[in-house]
Amino acid sequence: MTKHFLGDTAVLLGRSLRHISRSPDTIITTAIMPIAFMLLFVYVFGGAIQTGSDSYVNYLLPGILVITIASGISYTAFRLFLDMQGGIFERFQSMPIARSSVLWAHVLTSLVANLTSLVVVVLVALLMGFRTGAGLLGWLAVAGILVLFTLALTWIAVVPGLTAKSVDGASAFSYPLIFLPFISSAFVPTETMPGPVRAFAEHQPVTSIVNALRDLFTQQPVDSDIWTALAWCGGILVVAYVFADITYRRRIS
Amino acid sequence: MLTGMSIPPPTDQVAHPAIHVHGLEKSFKNLKVLRGVDIDVARGSIFALLGSNGAGKTTVVKILSTLLRADTGTARVNGFDVATQAADVRESISLTGQFAAVDEILSGRENLVLVARLRHLRNPGTIADDLLRRFSLTDAASRRVATYSGGMRRRLDIAMSLIGNPPVVFLDEPTTGLDPEARIEVWQAVKELAEGGTTVLLTTQYLDEAEQLADRIAILHEGRIIVNGTLHELRQLLPPAEVEYVEKQPTLEDVFLTLVGARTDKEQR
């Protein structure tokens with residue numbers, strides 16, 4: 001069975017990518033909210049926010065990229081939920097295919113869709129005056145962190161996708177994830193926050209990820225933030241994968 | 001009581017049945033759905049599992065197609081145990097569930113190619129085109145399945161189940177929700193399947209469907225098979241027919257089919 005894993009995953013990935021190409025609105029919708037936030041914060045609130053950075057859009061983009069991923073992964077839960085609802089999931093399960101390939105196809109589709117949305121958001125940011133001196137290595141490091149973060153959040157999204165009772169339930173889990181960047185260093189420096197809020201903000205994953213991305217974009221030497229960020233992403237990825245795997249096994253046995 | 005009226009099947013059927021089920025039990029929490037089901041289905045035959053809603057028909061099909069585990073009892077499909085040789089069972093079967101298991105966003109042809117690829121067959125395109133022709137879907141091949149009628153969807157669903165020629169096919173309520181013409185189309189497809197040597201186990205709550213299609217009929221009631229036999233044998237369970245004079249009225253179905261039968265819709269084969 002496992003000898004077909006790669007081939008089966010590729011076939012099923014082709015299927016979900018075709019879904020996306022036939023409803024590109026999912027990619028647009030994913031990109032629209034972060035772009036709206038970016039416009040709002042740069043052109044409305046940004047003038048009053050002191051970040052110590054000469055350009056607010058430069059300061060803001062890392063957090064916007066995190067929000068883009070947080071809103072994009074809910075489509076994984078949505079697509080998985082639709083497969084479970086229709087009979088097609090049971091058809092796949094009763095066929096001689098590698099069983100885990102059904103989930104991996106959805107996860108890889110999420111990666112492709114989210115990376116596309118991220119590219120759209122970065123292009124808009126460039127139009128709004130975002131500039132970076134980061135070289136190829138810097139961009140690769142940024143892409144690496146974003147890929148890891150997308151995979152981690154996507155595996156979280158698999159769990160509600162498999163267990164939800166309704167479409168709304170399948171995507172509701174992502175709201176707190178979208179909200180998390182607001183209590184982090186994504187929009188304003190954490191130094192201005194009152195004690196307990198600041199303590200939370202500085203010790204939650206988004207801050208370390210945003211700081212690491214910001215250092216890479218501004219070509220600062222990346223300090224411990226990048227290792228904290230990688231540890232968070234890796235840790236979430238492993239825990240979410242294990243949970244998703246247990247949930248999946250429960251669903252198919 | 002009906003329980004004692006099971007008719008023993010002919011001996012050659014027991015020798016190498018395509019499906020062998022013995023003492024199957026399954027509970028969901030405190031609800032006992034199956035209380036000891038025994039079935040043997042001969043190769044190349046059509047076997048109808050008849051029962052009311054909630055009788056446990058779908059549970060039997062799900063256990064046989066490795067989607068559910070039984071609590072106790074044995075089930076073998078094409079000679080393989082569903083619990084310990086699930087992968088071999090999946091190679092031998094195909095399942096058409098109660099709700100058409102088709103991908104609405106893909107076209108009909110893409111659905112067929114998808115399944116052919118997942119069954120690791122060569123020339124998935126040729127296989128798809130053959131089946132489209134066989135099920136009169138060539139004209140609609142490149143249309144999204146979301147635009148198909150109920151009958152076309154079911155035909156595509158069954159066509160997808162035939163890819164790779166699995167020796168055993170499960171059809172769970174294949175005509176529920178279909179209009180009379182679509183039902184007849186599905187019946188035709190099922191008959192052709194069995195003529196080709198495929199073993200078909202179908203569940204239904206329509207008595208006339210079992211009467212039309214099945215070589216053997218079993219009635220599942222309150223988690224047990226209460227009778228199992230050919231239509232002829234089942235009829236003999238009741239007292240011999242009395243002769244009465246009845247004015248034979250056409251059924252509404254006769255009327256409907258006569259009135260719409262002459263239509264020239266291109267969907268018709």
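A word on conventions. Residues are numbered from 1 along each chain as its sequence is written, and chains are lettered from A and ligands numbered from 1 in the order in which they are written. In this predicted model, local features need pLDDT of at least 70 and side-chain atom pairs count only at pLDDT 80 or more, while totals for chains, interfaces and linings use all residues.

I begin with strand 3 of chain B, residues 46-50. Helices (H or I, at least four residues) and strands (E, at least two) are DSSP runs, numbered from the N terminus. Of the 5 residues in strand 3 of chain B, 5 are buried; that is, 20 or more other C-beta atoms, placed from the backbone, lie within 10 Å of the residue's own. Ile46(B), Ala48(B) and Leu50(B) cover one side, and Phe47(B) and Leu49(B) the other.

Which strands pair with strand 3 of chain B? Pairing requires that DSSP finds at least two bridges between two strands. Strand 8 of chain B, residues 199-204, runs parallel to strand 3 and is joined to it by 5 bridges; here Ile46(B) stands opposite Val200(B). Strand 9 of chain B, residues 216-221, also pairs with strand 3 in the parallel sense, over 4 bridges, and Ile217(B) is the bridge partner of Ala48(B).

I turn now to the interface. The contact (C-beta atoms, placed from the backbone, within 7 Å) takes 19 residues from chain A and 22 residues from chain B. On the side of chain A, helix 1 (5-22) and helix 5 (88-93) are the elements giving two or more residues, and helix 1 of chain A provides the largest share, 6 residues.

Technical notes
A residue is buried if 20 or more other C-beta atoms lie within 10 Å of its own, exposed if 12 or fewer, and partly exposed in between; C-beta atoms are placed from the backbone. Two residues are in contact if their C-beta atoms, placed from the backbone, lie within 7 Å.
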